[in-house]
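Okay, thanks for coming, everyone. Let me put the thing on the screen, and then I'll walk you through a few helix pairs, the interface and the record annotations.

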Amino acid sequence: MSARATDVTPVTPARTTARRRRLPGSLAWHLGSLAVLAVILYPVVWVIGGSFKRGEDIVGSLDLFPSDPITGNYTRLTEGIADIPISTFFVNSLLLAVGSVAGILLSCSLTAYAFAKIRFAGRNLLFTLMIGTLLLPYHVLLIPQYVLFRNLDMINTYTPLLLGKYLATEAFFVFLMVQFMRNLPRELDEAARLDGCGHLRIYWSIVLPLCRPALITSAIFTFINSWNDFMGPLIYLNDPEKYTVSLGLKMFVDQEGLADYGGMIAMSLVALLPVLAFFLAFQRYLIDGMATSGLKG
Amino acid sequence: MGHAVTHAPATADRAAASEPRHGPARSPRPAALKRRRRRDNLAGYLFMSPWIAGFLLLTAGPMIASLYYAFTDYNLFDAPKWIGLDNFAEMFGDPRWRHSVQVTLWYVVVGTPIKLLAALGVALLLAQKRRGQAFYRAAFYAPSLIGASVSVAIVWKAIFSDDAVVDRTQKLFGVHAGGWTGDPDLIIYSLVALTVWQFGAPMVIFLAGLKQVPRELYEAADVDGAGKLRQFWNITLPMISPVLFFNVLLETIHSFQIFSSAYIVGGGAGGNACGPADGSMVYTCYLYVQGFENSRMGLASAMAWMLLVAVALVTAVLFWSQKRWVHYEEGGR
């Protein structure tokens, strides 16, 4: 609001009406945004408050925060789920997530480099195929992949959950990186080629360092997707010792959900913490990555 | 996504780029060119090799296998037995299958437009440059990241159960419908609410699109005395129509594939994966039940192919309709 300008200049009738019109506009804007914010945040605040309530108060009571908060729901988590310590699930999820990130960064950037920077026969056809897989419903592959990994004796291992990440099957990230690499100044790699650099050298020393924003966006999305993934682990893992956080949580619900509502809510919140932390730390990269994916599509 | 077209200029300047730039001192042109082209082909396929392996092993191969399974009786333990169209006949004759189609279509038809309208509405609100814009944008986006998690599905189930906050709120308005997650007719709306809650992802894309609309257009319209509504209809909407198309396409395809939230919200203690009276039995839930609980891999493959056909049809219709309502800037995308 240009309060300074109105202070010095003599107040003309036109100016005051303009200002009066702007103030309610701004107020309405903030009220509208706050209303949306309240709806968005309600479930999050609810689960935080609920985790400090007694089990029987969680659903029935409308108070967001209990008058006598308890920490029993959290201390109860140290007992683990079905005799397995919670930390096991976290370590498993972390392993899978980190393994996925490494695979995606390596395989998708190699593929993207080929699409964006190398002119080879059949490139356009392969690019069309890659975009096609972007729209392919995953469920068509669910059963034959399961049969394949079963025949390879890989059920109850992490291989089925990781292999695709190392073979660049996540077309979205290939696409994101191709878009980014195409926008890099062409002169850089042309100059390097004239100096006798091979593609591997250009990829590693020139293109990858310049692609950092796209790599960071892909890494964070991959981590979060892997952390949230439920269907993959549900199908491929059957030994509770190997369960991820998502599966552990589902096991909690199935076994003691109604008996220990408080513990379930506390566990739900703890399971979300890594994702929330990533979001708070990197929200810029995530939102910019989302935005560009839509604009260039 | 019509950007395969953007390859055209790349091939056009190929000749120019490989022209020797430092005079005739270089080796004979045709041989060098040929060598470089051969090296590029090799390098291209070497760089692509992980993707090619993945495509053959994890996408194309499985798709062909799945198409074959669709015509067989296959329980994982015995070899698949060819049964022709029996799986499809069983599917179409199965009232539970038809019910799951209905539930899914209803979810897509109700959920997607509401979600996109919410996304567009809030994007229009946030497009006004005001203090706190970045904060609101980030906060509204957050649910899109956590919405697919088991945790949020559990929270959702609690919030929409009997006597919980949604039930109490509707009672204030004199509606005594009970909790939604326990009601076969209402549980699907709790899933709709869950997807609408995640409007942040399409909103961010809308916002990016809105930012690219040239200011001058509005200024010109102001001079002409066009009202805000006219301006929205005649300027904003056509200008963001490519982004709108992208969002409609992506959200529709995603909605067809809803699984985890339906499986968790609908899952009861009794191992019922599909909600009370199959109320939240979306298509993929039934596919999971048939494939992995009943070991009917052939039937489940047939179901998966029907889903693929449905999604492909919707995609084709959307691309076809694009001509009528999506305006691409000339020389742009």
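Predicted model: local features only at pLDDT ≥ 70, side-chain atom pairs only at ≥ 80, totals over all residues.

Which residues in H5(B) meet which residues in H10(B)? From H5(B) we have Lys115(B), Leu116(B), Ala119(B), Leu120(B), Val122(B), Ala123(B), Leu126(B) and Ala127(B), and they meet Pro202(B), Met203(B), Phe206(B), Leu207(B) and Leu210(B) in H10(B). Sorted by class, that contact has 12 nonpolar, no polar and 1 charged residues. "Contact" here means C-beta atoms, placed from the backbone, within 7 Å. As for classes, Ala, Val, Leu, Ile, Met, Phe, Trp, Tyr, Cys and Pro count as nonpolar, Asp, Glu, Lys and Arg as charged, and the others, Gly among them, as polar.

Residues are numbered from 1 along each chain as its sequence is written, and chains are lettered from A and ligands numbered from 1 in the order in which they are written.

Back to that pair. Helix H5 of chain B is residues 95-127 and helix H10 of chain B is 200-211; their axes come within 8 Å and cross at roughly 45 degrees. Helices are DSSP runs (H or I, at least four residues; strands are E, at least two), numbered from the N terminus. Axes are lines fitted to C-alpha atoms, for helices over the stretch in contact, with angles from 0 to 180 degrees between N-to-C directions.

Now a second pair in chain B. Helix H12 (residues 228-256) and helix H15 (residues 297-325) of chain B pack at about 165 degrees, axes 10 Å apart, so H12(B) and H15(B) come out roughly antiparallel. On the H12(B) side the contact includes Ser241(B), Phe245(B) and Thr252(B), and on the H15(B) side Leu307(B), Gln322(B) and Trp325(B) are among the residues involved. By class, it's 11 nonpolar, 4 polar and no charged.

What about between chains? There, 83 residues of chain B are in contact with 78 residues of chain A. Helix H3 of chain B, residues 29-69, gives the largest share of chain B's side, 19 residues. That side of chain B splits into 58 nonpolar, 19 polar and 6 charged.

Over to chain A, which is divided into domain 1 (3-75) and domain 2 (79-295), with bounds from an automatic or database domain assignment. Their C-alpha centres lie 35 Å apart, and the contact takes 11 residues from domain 1 of chain A and 8 from domain 2 of chain A.

Last bit, the annotations. An unreviewed UniProt entry lists "transmembrane region" for chain A, including residues 94-116 and 125-143, and another "transmembrane region" annotation (unreviewed entry) covers, among others, 138-159 and 186-210 of chain B. UniProt positions use the numbering used here, feature names are shortened, and annotations may be inferred rather than shown by experiment. In the model, residues 94-116 of chain A are 100% helix, with end C-alpha atoms 32 Å apart. Residues 186-210 of chain B are 88% helix and 0% strand, with 35 Å between the end C-alpha atoms.

Terms used: Contact = placed C-beta atoms within 7 Å. Parallel < 35°, antiparallel > 145°, perpendicular 65-115°, else oblique.
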